[in-house]
Amino acid sequence: MALNEEERRERHRARSRAWALKNPDYQKEYYRANKERILRERRPANEEDAERQRGWNRRHRARCPDKVRAAARLYREEHPGESLERARRYRQTAKGRATAARRDAKRRAILGDTECTLTHEEWEQILERNKHRCYYCGKKLKRLTMDHVVPLSKGGKHTKENIVPACKSCNSRKYNHLWFLC
Ligand SMILES: [Zn+2]
């Protein structure tokens, strides 16, 4: 019985799949040997192309989360230090510092599930509003710390409503905020 075009293609695909299953390392080795060319050919030619690729990636992440996680783990193992280096650079940015502050607030808060939402944009706005001066002593400084008006240890939140800029010495003075609240 003669096969039509579609059937021939399907048989070819089935044979390829079976062969790939029997030779699991072949694809990996082929990729390794031809990595530069493959990556070059895969590079998006224009914005439309890039958006299409982002779509593929999104759907792939949604459909095979375990595969994607495993691949990421493998990448980290094969490139030790790279993710540490990336994390180190991120911590030096305004965004990274805000992330670290939220994590720190969460750790110090009396309830672990306290609201910790302050973004670096909000912190910049707070600094602007206070003209880069310490809220308590009025000193103008480049580096101001975040002071929680209601302390985290008393149930205060790490939110823009509960944070003022303070110089280091005012921030470390215990209960300074109470003078202003009372
Ligand atoms: Zn001060």
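Visitor: In which sense do S1 and S2 pair, and over how many bridges?
Guide: S1 and S2 pair in the antiparallel sense, over four bridges. Note that this is a predicted model.

Visitor: What stands opposite valine 164 in S2?
Guide: Aspartate 147 does. With neighbours within four places in sequence left aside, valine 164 is in contact with Asp147, and also with Ile126, Asn130, Tyr135 and Val149.

Visitor: Which way do the residues of S2 point?
Guide: Ile163 and Pro165 point one way, while Val164 and Ala166 point the other way. In a regular strand the side chains alternate between the two faces of the sheet.

Visitor: Are those four buried or exposed?
Guide: Ile163, Val164, Pro165 and Ala166 are all buried.

Visitor: Which residues make up the largest nonpolar core?
Guide: It has 10 residues: Leu118, Cys134, Tyr135, Leu144, Met146, Ile163, Val164, Ala166, Cys167 and Cys170. Strand S2, residues 163-166, gives the most to this core, with three residues.

Visitor: Stepping back, how many helices and strands are in the chain?
Guide: There are 10 helices and two strands. From the N terminus on, the order is α-α-α-α-α-α-α-α-β-β-α-α.

Visitor: Is the chain spread out or compact?
Guide: It is more spread out than a compact globule, because its radius of gyration is 27 Å, well over the 16 Å that the globule rule gives for 182 residues. Along the principal axes, its C-alpha atoms fill a box of roughly 95 × 35 × 30 Å.

Visitor: What percentage of the residues count as buried?
Guide: Of the 182 residues, 11% count as buried.

Visitor: And what share of the contacts is between residues 24 or more positions apart?
Guide: Such pairs account for 51% of the contacts with a separation of 6 or more.

Visitor: Let's look at H4. How many residues does it have, and how far does it reach?
Guide: Helix H4, residues 47-63, has 17 residues and reaches 24 Å from its first C-alpha to its last. That is close to the 24 Å expected at 1.5 Å a residue.

Visitor: How many residues of H4 are buried?
Guide: The number is zero, so H4 lies largely in the open.

Visitor: Another helix, then. Where is glutamate 41, and is it buried or exposed?
Guide: Glutamate 41 lies in helix H3, residues 35-42. It is exposed, because 8 other C-beta atoms lie within 10 Å, and a residue with 12 or fewer counts as exposed.

Visitor: How far apart are glutamate 41 and asparagine 130?
Guide: They are 52 Å apart in space, C-alpha to C-alpha, and 89 residues apart in sequence.

Visitor: What about lysine 106, which helix is it in?
Guide: Lysine 106 is in helix H7, residues 94-108. It counts as partly exposed, with 16 C-beta neighbours inside 10 Å.

Visitor: And what is lysine 106 in contact with?
Guide: Leaving aside its neighbours within four places in sequence, lysine 106 is in contact with Gly112, Thr114 and Cys116.

Visitor: On to backbone angles. What is the phi of lysine 131?
Guide: It is positive, about 55°, although lysine 131 is not a glycine. Most residues other than glycine have a negative phi. Histidine 132 also has a positive phi, near 55°.

Visitor: Where is lysine 131?
Guide: Lysine 131 lies in the loop between H8 and strand S1. Histidine 132 is likewise found in the loop between H8 and S1.

Visitor: Exposed or buried, those two?
Guide: Lysine 131 counts as exposed, with 9 C-beta neighbours inside 10 Å. Histidine 132 counts as partly exposed, with 14.

Visitor: Last topic: where is the confidence lowest, and where is it highest?
Guide: It is lowest in helix H10, residues 176-181, at a mean pLDDT of 50, and highest in helix H8, residues 120-129, at 96. Where pLDDT is low, the predicted coordinates should not be read in detail.

Visitor: And what is the mean pLDDT of the chain?
Guide: The mean is 88, and 95% of the residues reach 70 or more.

Note on methods: Residues numbered from 1 in each chain as written. Predicted model: local features only at pLDDT ≥ 70, side-chain atom pairs only at ≥ 80, totals over all residues. Core = buried A, V, L, I, M, F, W, Y, C linked by C-beta atoms within 7 Å. Buried ≥ 20, exposed ≤ 12 C-beta atoms within 10 Å, placed from the backbone. Contact = placed C-beta atoms within 7 Å. Rg over C-alpha atoms; globule rule 2.2 N^0.38 Å. Expected span 1.5 Å × (residues − 1). pLDDT = per-residue confidence, 0-100. Pairing = 2+ DSSP bridges.
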